[in-house]
Structures are given as C-alpha cells and as structure tokens.
Amino acid sequence: MVDFHTHSNFSDGDLPPDMLIKEAINQGLKAIALTDHDTINGLESAKNAAKKYSEENKNIHFIPGIEININWTGIKSGINQIAPGLGPGGEFHLLGLGIKSSTPAFLAAVEGLSRRREERNRKILDKMHEHSIDVTWDDLVSMSGSGQSLGRPHFAALLIKRKVVKNVNQAFARYLGVGKLFYEPKDGLSFEEAVALIKESGGIPVLAHPISLFIAWGRLPDLIKTLKDMGLMGLEAWHPTAKQGPCRRLEALAQSLGLYVTEGSDFHGSLRPERRMGYSSKGRKISDAILEAIPELL
C-alpha cells in the first residue's frame with residue numbers, strides 16, 4: 001500500500017512526523033506523503049526518519065508534500081463563469097506532492113500562510129470570548145503537539161476539553177463549520193500562484209478531495225479541464241469522504257484529461273479515527289500502482 005495524503009502534528013494530525021513514518025512502516029506501507037496544511041516544517045523530520053528506517057532495512061519511500069488552501073476568488077481566466085464560486089461549505093485545497101527544493105518564493109508564501117492562519121485563529125478566539133468561553137492562546141497551542149499550523153480541529157478539541165461539545169462533529173455543526181457561530185474564513189493563495197510555486201519547487205500540483213468543492217457534477221468536468229489548462233497535474237480521485245461511485249467518476253475524468261490519479265487517506269490519527277492510513281473510500285486499500293503511474297514521485 002501507499003498513501004499520498006497524511007497529516008502530522010505540525011498541522012492538524014496528532015502524530016509527530018517521525019512517528020507518522022514509523023506507523024506507516026507498521027502498517028506495511030511502501031510509500032507515504034506528508035501533506036500538512038500550509039506548512040513544510042515537519043518534512044525534514046519525516047525525511048530523516050524514513051532514511052533511518054531504510055538503513056535498518058525497513059524500506060519506505062517518503063514523498064515530501066504540502067496541502068495549500070486556495071482562494072476561490074483569486075482564480076482568474078473566466079473560471080467563475082464555469083463554476084461561480086464554491087458550494088455552501090465548500091473548500092478548495094491543493095496538494096503539492098514531491099517538493100524537492102523549496103524556492104525562496106515558496107518559503108515566503110508558506111510563511112505568509114502561517115501568519116494569516118494565526119490572524120484567523122485569534123479572530124476565532126475573540127468570538128469565543130464574546131460568547132463567554134474563557135480560553136487563551138496557550139490553551140489552543142496545548143491542543144497541538146507541535147504548536148504549529150493550528151486550525152479548527154484544534155479548536156474542536158479545545159471545545160471538547162471544556163465540555164462545550166461532546167465530539168468533533170458536534171463542534172463543527174454548532175460552532176466551527178461554515179456560517180456557524182465561531183466560523184472565520186481562511187485566507188489562502190490564488191490557484192495560479194500555488195501551482196507556480198509547487199512546480200518551481202519540483203512538485204506536482206494535485207486537486208485535493210474534489211468533492212469538497214461542492215460543485216455540481218454537471219460543471220465539474222469543465223472546471224477540472226480549466227484548472228488543468230492553468231497548470232493542474234493531478235486529481236485526488238479517491239478519498240475517505242467520498243463514496244466509491246463518485247470516486248470512479250473522478251478517476252475516469254482524470255484519465256480522460258490526462259491528469260495523474262492520486263489516492264489518500266487524509267490520515268490525522270486519533271483526531272479522525274475513521275481515516276485509516278493506507279485506505280481511502282469505504283476501506284479501499286491504496287495500491288502502489290498509483291505511485292508507479294507517477295514517475296516524478298519515484
């Protein structure tokens with residue numbers, strides 16, 4: 001098995017990068033990509049762990065990556081005539097797989113994302129204070145093992161700890177989901193900028209979990225084709241949040257457009273236990289044939 005989409009505690013997962021690699025080996029994976037949200041700070045640790053285990057004859061192929069939030073409104077080229085905005089609650093994320101050498105521009109962009117993420121988190125804290133939930137920045141940081149790339153899952157964990165909600169689903173349904181009481185929009189990069197930065201750093205830009213765009217199926221093929229014309233190279237056709245029927249349609253769409261097909265678990269650890277490393281939609285094992293079809297990542 002392989003896995004092209006995982007998170008460590010440098011974003012909203014709960015395993016440190018080196019332990020993520022160890023878990024991948026324990027699960028029998030041949031290759032794994034670390035794709036933390038808007039940060040590459042965990043990549044060096046994961047890379048070193050993969051090298052160490054390989055020297056012990058526990059071979060695993062490590063793929064350095066990132067998951068970048070994309071601003072829909074920043075997309076040009078008439079795309080809003082094809083699909084005028086995300087659907088309610090929609091999110092646009094772009095995976096960068098196989099980051100080989102981060103350019104100064106890439107590093108500056110990631111630093112800017114981190115800064116804007118902190119600004120957003122502080123606004124969410126302010127909203128919580130307005131509703132008499134007494135929490136501090138240090139309380140939020142304590143929800144993450146690394147204290148980096150904090151996001152809504154960490155707020156959810158904090159609300160659970162304070163017994164405001166019972167579980168993560170309830171936290172998002174009542175407080176953190178789009179349009180809810182504590183929701184604050186997340187600023188990202190334009191699609192064009194993100195694609196250019198990923199490519200100039202040696203990576204492959206892949207549209208993450210396309211279902212989360214919440215775009216009608218009738219418009220999705222034209223949208224994906226336009227994104228390909230703008231530099232998209234792959235489609236994460238298989239994802240745990242999608243049923244197998246739509247995943248097959250996405251795979252066929254990617255193949256018809258000459259895009260790479262990728263597949264990931266979106267593993268977070270105990271924070272989202274239903275997402276198992278090495279498995280995607282409805283418990284489907286992620287075959288290493290996915291990796292073999294993308295020579296740039298071998």
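## A walk from the sheet to the rings

Let's begin at a bridge: select G96 and look across to P205, its bridge partner in β5. Everything on this tour belongs to a predicted model.

Zoom out to the whole sheet. Seven strands make up an open sheet with mixed pairing, in the order β1-β2-β3-β4-β5-β6-β7. Colour β1 (2-3) and β7 (260-263) next: these are the edge strands, and each has a single partner, so one side of each has no neighbour in the sheet.

**The aromatic pairs**

How many aromatic pairs does the structure hold? There are two. For one of them, select F92 and F191: their rings are tilted at 35° between the planes, with 5.9 Å from centre to centre. This pair joins distant parts of the chain, 99 residues apart, since F92 sits in the loop between α3 (79-82) and β4 (93-97), while F191 belongs to helix α8 (residues 191-200). Both phenylalanines are buried.

Then pick Y175 and F182. Their planes meet at 15° and their ring centres are 5.0 Å apart, so this pair counts as stacked. Y175 and F182 are buried as well.

**Around Q170**

Q170 is part of helix α7 (residues 168-176). Is Q170 buried or exposed? Its relative accessible area is 19%, so it falls under the 20% limit and is buried. Follow its side chain to the backbone nitrogen of K166, reached at 2.9 Å.

**The nonpolar cores**

In the largest nonpolar core, which has 69 residues, F191 is one of the five that touch the most other members, along with F4, I21, I32 and I224. Select I21 and display its surroundings: beyond four places in sequence, I21 contacts I32, A46, A49, A50, Y53, I60 and F62. Another core, of 17 residues, lies apart from the largest one; I124, I133, A156 and F172 are among its members.

**Charges over rings**

Two last stops show arginines placed over aromatic rings. At W137, look for the charged end of R122, which sits over the ring at 4.0 Å from its centre. Finish at Y279, where R276 lies over the face of the ring, 4.0 Å from the ring centre.

Technical notes: Residues are numbered from 1 along each chain as its sequence is written. This is a predicted model: local features need pLDDT of at least 70, side-chain atom pairs count only at pLDDT 80 or more; totals for chains, interfaces and linings use all residues. Side-chain values use heavy atoms; hydrogens and water are left out. Helices (H or I, at least four residues) and strands (E, at least two) are DSSP runs, numbered from the N terminus. Buried means under 20% relative accessible area, exposed over 50%, partly exposed in between (1.4 Å probe, protein chains only). A polar contact is a pair of N or O atoms within 3.5 Å; within protein, one must be able to donate a hydrogen and the other to accept it, and residues adjacent in sequence count only if both atoms are side-chain atoms. Rings of Phe, Tyr and Trp (its six-membered ring) pair if their centres lie within 6.5 Å; planes under 30 degrees apart count as stacked, over 60 as edge-to-face and the rest as tilted. A charge sits over a ring if NZ of Lys or CZ of Arg is within 6 Å of the ring centre and within 35 degrees of the ring normal. A nonpolar core is a set of buried Ala, Val, Leu, Ile, Met, Phe, Trp, Tyr and Cys residues joined through side-chain atoms within 4.5 Å. Contact means heavy atoms within 4.5 Å. Two strands pair if DSSP finds at least two bridges between them.
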